[in-house]
Amino acid sequence: PDRAHRGTFALVPEYLAHDAHGLSGGPLWFSDYGLQLSRQFRALKVWMSIKEHGLDRYGRLMARNLQQAQYLGRLVEAHPRLELLAPIWINIVCFRFNPGGGLMDEPALEALNQRLLLQLQESGVAAPSSTHLRGQYCLRVAIVNHRSRTEDFDLLITELVRIGDELLQQQQQQEPECPSISAPLPPTPPLTCVPSFLDSETRRHMAHDGGRLCVGKPHPLA
C-alpha cells in the first residue's frame, strides 16, 4: 500500500531531488504522499495573534461570549413559546420552539423545529446548528464570534419566534377538520337476510322500516 500511495503522488524534478544531507535529506518526504509540496504552519498564526493582541484580550473576548450565552438563555426562558433544554455552563445554548399546551408530541415538535432551523438559516439572520438531548431535538447556538453583540441575540429570538408562529399557523390550516359529534350518521342499510338461527315464528315478525330492523315479537330467549 505504501508503494502504491507514494507512486501516485511522488514527483522528483531536479529542483526536488533527494539527497542524504541538507534540506533535501531524509527518507520521508510528505510531498510524495499528496498534492501539496509543503504543509501549513498553523501554529504561526496562533503565535502571531497572541503576540499582537495578548492573552488578556483573548480572555476578555471569551468571557464576553460566555456572558452572551447567559443573556440568550434568559431570553429563551422569558418567552412562553421557547423551551430551554439544558443548563448553560459554557458558550452553548440548546433550546427549541414549543407552543406548549400539549398541542404537539415529540415527533411533531422535531419536524416543526427542523423546518424552523432551515428557514432561519436561509434567512441569513443566524446560522445555529441542531442536536438531540435526551431524545429531544433542539437548536444549538454556539457563541464564538468576537463581533457578536447583545442586539444580535434580540434579533435572533424575534425572528425565530416569528418563523415558528408562521409555520405553526400553516400547519394548523393544513390539518383536516374533525367531523362534529352531532353530525347525522349515514342511514343504516336495510337488512338483506334474516339470521337462520332465529325460530320461524320470530322471523315472521321481522320487518324493515326506513332501514331499521324491527322485530314484532321478542325472541323467546330474550
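How much space lies in the largest pocket? The volume is about 300 Å³, and the points below place that pocket within the fold.

1. Basis of the model. The structure is a predicted model, in which local features need pLDDT of at least 70 and side-chain atom pairs count only at pLDDT 80 or more, while totals for chains, interfaces and linings use all residues. Residues are numbered from 1 along each chain as its sequence is written, and side-chain values use heavy atoms, with hydrogens and water left out.

2. Confidence. The average pLDDT (the predictor's confidence in each residue, from 0 to 100) is 80 for the chain, and 76% of the residues score at least 70. Confidence is highest in strand β2 (residues 92-97), with a mean of 97, and lowest in strand β6 (residues 212-215), with a mean of 42.

3. An open sheet is formed by four strands in the order β1-β2-β4-β3, with antiparallel pairing. Strands (E, at least two residues) and helices (H or I, at least four) are DSSP runs, numbered from the N terminus, and two strands pair if DSSP finds at least two bridges between them. At the edges stand β1 (82-84) and β3, each of which pairs on one side only. From one strand to the next, the twist averages 40 degrees.

4. Strand pairing. β2 and β4 run antiparallel and are joined by four bridges; Val93 stands opposite Val141 of β4. Strand β3 (residues 129-133) also pairs with β4 in the antiparallel sense, over five bridges. Ser129 has Arg140 of β4 as its bridge partner, and Ser130 has Leu139. Two residues lie between the strands in the hairpin of β3 and β4, where Arg134 takes a positive phi near 50 degrees.

5. Helices on the sheet. Helix α3 lies across β1, β2 and β4 and runs at about 20 degrees to β2. Helix α4 (residues 106-123) lies across β2, β3 and β4, at about 30 degrees to β4. For these angles, axes are lines fitted to C-alpha atoms, for helices over the stretch in contact, and values run from 0 to 180 degrees between N-to-C directions.

6. The largest pocket. A pocket is an open set of points on a 1 Å grid over the protein atoms alone, where a 1.4 Å probe fits, with protein on both sides within 12 Å along at least five of seven lines; lining residues have an atom within 4 Å of a point. Its volume is the space filled by probe spheres set on the points, which are joined across faces, edges and corners. The largest pocket, of about 300 Å³, has 16 lining residues, of which Ala126, Ala127, Val141, Ala142 and Phe153 are the closest to its centre. Two or more lining residues come from each of β4 (136-142) and α5 (150-174), and α5 gives the largest share, four residues. The lining divides into 11 nonpolar, three polar and two charged residues. Here Ala, Val, Leu, Ile, Met, Phe, Trp, Tyr, Cys and Pro count as nonpolar, Asp, Glu, Lys and Arg as charged, and the others, Gly among them, as polar.

7. The second largest pocket. This pocket holds about 220 Å³ of space. Its lining consists of His53, Arg57, Tyr58, Leu61, Met62, Asn65, Val144 and His146. Helix α3 (residues 55-78) gives the largest share, five residues. Four of the lining residues are nonpolar, three polar and one charged.

How values were computed: Contact = heavy atoms within 4.5 Å.
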